[in-house]
Structure formats: structure tokens, C-alpha cells
Amino acid sequence: MGDDVLTALVVDADALARRRVTGLLRLGGWQVREAADVATARHLATAEIDLVVTDALIGAEDGLELLRQLRQDGSQARFLVVTRQVTDELRAQATAAGALACLTKPVDAGVLLDFLRSRTTGPAAQGNTHEIHDVDDLHDADVEAELMDRLQEMYVNALPGRVSAIETHTRQGNGPGVASAAYTLAGTSGQLGHPEVASLCRAIAADARRGVMAHSRVQYLHALAGV
């Protein structure tokens with residue numbers, strides 16, 4: 001495991017879902033790599049990866065089989081499975097594959113970050129190997145409130161840079177860059193209670209994917225975000 005900066009690998013064939021988890025992890029101070037398929041994930045899952053977050057089904061590929069392969073390859077990362085519908089059978093299979101938990105998509109920001117803070121960092125986390133069968137124990141009100149306050153502060157601090165990236169890509173006519181940056185901001189904004197910003201970013205990203213650089217929307221985003 002890395003001693004300083006924690007590194008995660010997020011694996012999901014759904015680009016929007018992948019970016020949402022990636023955005024939340026980055027807000028929490030993680031360095032994140034992304035993969036849309038098993039082959040890319042295995043290539044990116046180097047020794048310094050501390051955490052792998054994978055969908056149970058990566059397109060037509062088995063996310064749990066990926067975890068088994070990574071463990072066979074010598075990975076010491078902690079594993080977390082996300083899925084649209086958590087069942088007892090899937091939870092048991094995820095545990096057997098080495099996952100610490102199986103969480104429902106879209107993953108709640110407070111649940112994900114609190115889970116990671118308490119189970120993947122620090123000496124206590126290193127020794128915590130018990131199985132997690134649900135996330136009801138993560139909803140302590142005081143802890144969640146403190147965590148969300150910290151996330152909101154991180155969000156506000158990161159917002160100027162996120163908006164600036166969208167503006168820069170728009171000015172350059174870089175459609176894929178605009179879409180990626182806008183989808184990332186849309187995900188974290190939606191999760192952290194900023195629906196207007198999230199909705200506007202999704203519209204900017206949708207325009208960019210059609211090759212339209214929505215300069216007026218970006219200007220409105222700048223004003224709406226107050227940066």
C-alpha cells in the first residue's frame with residue numbers, strides 16, 4: 001500500500017458512473033486511474049494501487065472475476081464492488097472474491113468516503129479484515145455530517161479549477177475534453193447537493209458530444225458557480 005498518496009483504480013464500462021466515483025475519490029484526496037474493461041484494468045492495476053472499485057458487471061465482462069485475477073496476480077489492494085442491485089448471492093460472491101463490501105449504484109458520497117476513510121487508511125484500517133455485509137453501520141449522524149462538511153469544503157475549493165478546465169476545452173474546441181470535464185463536475189455536483197450545476201454540466205457535456213461548443217452555457221456555469 002502507498003504510504004503517502006492513496007491510489008485507486010475505478011473500473012466501469014459506464015463512463016458517467018465511472019467519472020462520478022472518480023470525482024468523489026479525487027475530492028477525498030485520492031489519485032485515480034480509470035478503466036472501461038477488464039484488459040485495461042489489469043494493465044493499470046500495478047503494485048502501488050491501494051483500492052480497486054469495480055462494477056460487478058463490466059459491459060459483458062465479470063467484475064468479480066477481475067478481482068480474482070488481480071489477487072492471483074499478487075495485488076494487495078482493497079476491493080470494493082458497486083452494482084445496480086445488491087443481492088445476498090452477489091454480496092456473498094463479492095466477499096469470496098476478496099471484496100470488503102458491495103455497494104449500490106449510484107454510490108452515495110457520504111457512504112463511499114466514510115467507508116474509505118474508516119477502512120482503507122491508517123493502522124486500524126490495515127488490521128480491519130472483517131466482512132462487510134451492508135452499509136447500515138456507516139450512518140452515524142455526527143460522522144456523516146462532519147464528512148459532508150469536509151466534502152463540501154473540498155468541492156468549493158476544487159470548483160474554480162473544474163470550471164476553468166471546461167472553459168479552456170471549450171475555447172480550444174476540444175469536444176471530448178469538454179465532455180469529460182463537464183461529466184466529472186456534474187457527478188460530484190449532483191452527489192453533493194448542487195443540482196443546478198449538475199444539470200447545466202450535463203447539458204454542456206451532451207452538446208460537446210454532438211460537437212457543439214456551448215459557450216453561452218459555459219458562461220452561465222461560470223456565473224452560477226460564482227467563480
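**Close-up views of a predicted model**

View 1. Glu-65 is found in helix H3. The model shown here and in the other views is predicted. With a relative accessibility of 31%, Glu-65 counts as partly exposed. Leaving out residues up to four places away in sequence, Gln-69 touches Val-38 and Arg-42.

**View 2. Ala-8 in strand S1.** Strand S1 covers residues 7-11 and holds Ala-8. The relative accessibility of Ala-8 is 0%, so this residue counts as buried. Residues up to four places away in sequence are again not counted; beyond them, Ala-8 touches Leu-25, Trp-30, Gln-31, Val-32, Arg-33, Ile-49 and Leu-51. Glu-48 is 40 residues from Ala-8 along the chain, and the C-alpha atoms of Ala-8 and Glu-48 are separated by 9.0 Å.

**View 3. Helices H1 and H8.** Helix H1 (residues 15-27) and H8 have axes that come within 8 Å and cross at roughly 70°. An angle from 65 to 115 degrees counts as roughly perpendicular, and H1 and H8 are therefore described in that way. The crossing in which H1 passes H8 is right-handed. On the H1 side the contact is made by Leu-16, Arg-19, Arg-20, Gly-23, Leu-24 and Leu-27. On the H8 side the residues are Ser-180, Tyr-183, Thr-184, Gly-187, Thr-188 and Gln-191. Sorted by class, this contact of H1 with H8 has 4 nonpolar, 6 polar and 2 charged residues.

**View 4. Helices H8 and H9.** Helix H8 (residues 175-191) packs with helix H9 (residues 195-209) at an angle of about 160°, and their axes are 8 Å apart. That angle makes H8 roughly antiparallel to H9. H8 passes H9 in a crossing that is left-handed. H8 contributes Gly-175, Val-178, Ala-179, Ala-182, Tyr-183, Leu-185, Ala-186, Ser-189 and Gly-190 to the contact. From H9 come Pro-195, Val-197, Ala-198, Cys-201, Arg-202, Ile-204, Ala-205, Ala-206, Ala-208 and Arg-209. The residues of this contact of H8 with H9 comprise 14 nonpolar, 3 polar and 2 charged.

**View 5. Helices H9 and H10.** The axes of H9 and helix H10 (residues 215-225) come within 10 Å, with a crossing angle of roughly 160°. H9 and H10 are therefore roughly antiparallel to each other. H9 passes H10 in a left-handed crossing. The H9 residues in the contact are Glu-196, Val-197, Leu-200, Cys-201, Ala-203, Ile-204 and Asp-207, and those of H10 are Arg-217, Val-218, Tyr-220, Leu-221 and Leu-224. For the contact of H9 with H10, the division is 9 nonpolar, no polar and 3 charged residues.

**View 6. The nonpolar cores.** The largest nonpolar core has 42 residues, and those touching the most other members are Leu-25, Ile-166, Leu-185, Cys-201, Ile-204 and Leu-221. H8 gives the most to this core, with 7 residues. Cys-201 touches Ile-166, Ala-182, Leu-185, Ala-186 and Leu-221, when residues up to four places away in sequence are not counted. In soluble globular proteins, nonpolar side chains tend to be buried together.

**View 7. The cis peptide bond at Pro-106.** Lys-105 and Pro-106 are joined by a cis peptide bond, with omega at about -10°. Most peptide bonds are trans. Pro-106 is found in the loop between strand S7 (99-104) and helix H5 (109-119).

**View 8. The protein chain as context for the close-ups.** The protein chain has 10 helices and 7 strands. Of its 227 residues, 47% are buried. Among contacts between residues at least 6 apart in sequence, 60% join residues at least 24 apart.

Technical notes. Residues are numbered from 1 along each chain as its sequence is written. This is a predicted model: local features need pLDDT of at least 70, side-chain atom pairs count only at pLDDT 80 or more; totals for chains, interfaces and linings use all residues. Side-chain values use heavy atoms; hydrogens and water are left out. Axes are lines fitted to C-alpha atoms, for helices over the stretch in contact, and angles run from 0 to 180 degrees between N-to-C directions. Helices (H or I, at least four residues) and strands (E, at least two) are DSSP runs, numbered from the N terminus. Angles under 35 degrees count as roughly parallel, over 145 as roughly antiparallel, 65 to 115 as roughly perpendicular and the rest as oblique. A crossing is left-handed if the near helix is turned anticlockwise from the far one by less than a right angle, and right-handed if clockwise. Contact means heavy atoms within 4.5 Å. Ala, Val, Leu, Ile, Met, Phe, Trp, Tyr, Cys and Pro count as nonpolar, Asp, Glu, Lys and Arg as charged, and the others, Gly among them, as polar. A nonpolar core is a set of buried Ala, Val, Leu, Ile, Met, Phe, Trp, Tyr and Cys residues joined through side-chain atoms within 4.5 Å. Buried means under 20% relative accessible area, exposed over 50%, partly exposed in between (1.4 Å probe, protein chains only).
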